[in-house]
Amino acid sequence: MRIERITDLERDELRDFKSLTDVALRRVSEPAGGLYLAESTKVIERALAAGHRPRSFLLIEQWLPDVERLLAAYDFDEVPVFVGAPELLKQLTGFDMHRGAIASMHRPPIVAVADLLEGARRVVVLEDIVDHTNVGAIFRSVAGLGADAVLITPRCADPLYRRSVRVSMGTVLQVPWTRLPEWPEGAEQLRAAGFHIAALALSDTAVELDTFASSMPDKVAVLLGSEGDGLSRAALENSDTVVTIPMMHGVDSLNVAAASAVALYTLRVR
């Protein structure tokens, strides 16, 4: 390990970790710069297990033994491990590093839609979901409930944004995912792979989830919409069935992450 103890912040190699609380900056620089940030040793472990390559590590001194044990199985002699005092790292990142360690990771290449769908039977499609917390929570449901993959539309929030990775407990690094083109091309690619598109939405003509599950197709793509407006008209027009989760006590719908868990459990492969 190339351990480097830092006493000042005037180093080019620290730029990956600078001002992490600036959401607008991270949203632009992470995808464009080909990097993402894995926060906490558990998430870093999952990133490395997924075959992702680190650029550098940043941690507080007390977490060094844990990181040394984690990296012992890898040949990362040329990857710097920056170690610093908590107050100095807070000045760099903009927050208290109570999770101890952050890794700057090279982004893996985007997978082709056809390759991602090969062999899959349950997938989730996220249309324009902009909240990184919801994206991370949906990935955790996908991993926990056994769906095969996630596809996201061009305007959807980045699954590898730091908050998404953290909320997902690192499962965004395990679940296969890729970008789906705009409608109708996205729907055409799903159908070409044999998927029935089930859109979760409120509609007078919607089929209740249990009813749909009683005779569901072999391959189902669960389509989920944005937090405020739900699915777009184009998404609904390109779906095969509109499905709704029946609600009680005057509540019209669930949060999109909660709805994903209910739908995935009900539509799981038996």
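Let's start at Ser 141. Leaving aside neighbours within four places in sequence, Ser 141 is in contact with Gly 146, Ala 257, Ser 260, Ala 261 and Leu 264. Contact here means heavy atoms within 4.5 Å. Ser 141 sits in helix 6. Helices are DSSP runs of H or I with at least four residues, strands are runs of E with at least two, and both are numbered from the N terminus. Ser 141 counts as buried because its relative accessibility is 12%. The cut-offs: buried is under 20% relative accessible area, exposed is over 50%, and partly exposed is in between, with a 1.4 Å probe and protein chains only.

A word on the model. It is predicted, so local features need pLDDT of at least 70 and side-chain atom pairs count only at pLDDT 80 or more, while totals for chains, interfaces and linings use all residues. Residues are numbered from 1 along each chain as its sequence is written, and side-chain values use heavy atoms, with hydrogens and water left out.

Stay on helix 6. It covers residues 132-145, and Thr 133 is in it. Is Thr 133 buried or partly exposed? Partly exposed, because its relative accessibility is 31%. Beyond its neighbours within four places in sequence, Thr 133 touches Arg 163 and Val 167. Gln 62 is another matter: 71 residues from Thr 133 in sequence, and 29 Å away in space, C-alpha to C-alpha.

Now the whole chain. It has 11 helices and 12 strands. The radius of gyration is 20 Å, close to the 18 Å that the globule rule gives for 270 residues, so the chain is as compact as a globular protein of that length. That radius is taken over C-alpha atoms, and the rule is 2.2 Å times the number of residues to the power 0.38. Along the principal axes, the C-alpha trace spans about 65 × 40 × 30 Å. Of the 270 residues, 49% count as buried. Take contacts between residues at least 6 apart in sequence: 81% of them join residues at least 24 apart.

On to the strands. Two strands pair if DSSP finds at least two bridges between them. Strand 3, residues 54-60, has 6 of its 7 residues buried, so it is largely enclosed by the rest of the structure. Strand 3 runs antiparallel to strand 5, residues 101-106, with 5 bridges joining them. Phe 57 has Ala 103 as its bridge partner in strand 5. Strand 3 also pairs with strand 4, residues 80-84, in the parallel sense over 4 bridges. There, the bridge partner of Leu 59 is Val 83.

The order is 8-7-6-11-9-12-10, and the pairing is parallel. Strand 8 (177-179) and strand 10 (207-208) stand at the edges with a single partner strand each, so one side of each has no neighbour in the sheet. Inside that order, strand 6 (residues 122-126) pairs with strand 11 (residues 220-224) over 5 parallel bridges. Val 124 has Val 222 as its bridge partner in strand 11.

Last stop, Met 216. Where is Met 216 found? In the loop between helix 9 (209-214) and strand 11. Met 216 is buried, with a relative accessible area of 17%. Its contacts, leaving aside neighbours within four places in sequence, are Arg 122, Thr 266, Leu 267, Arg 268 and Arg 270. Met 216 and Leu 267 are 51 residues apart along the chain, yet their C-alpha atoms are separated by 7.8 Å.
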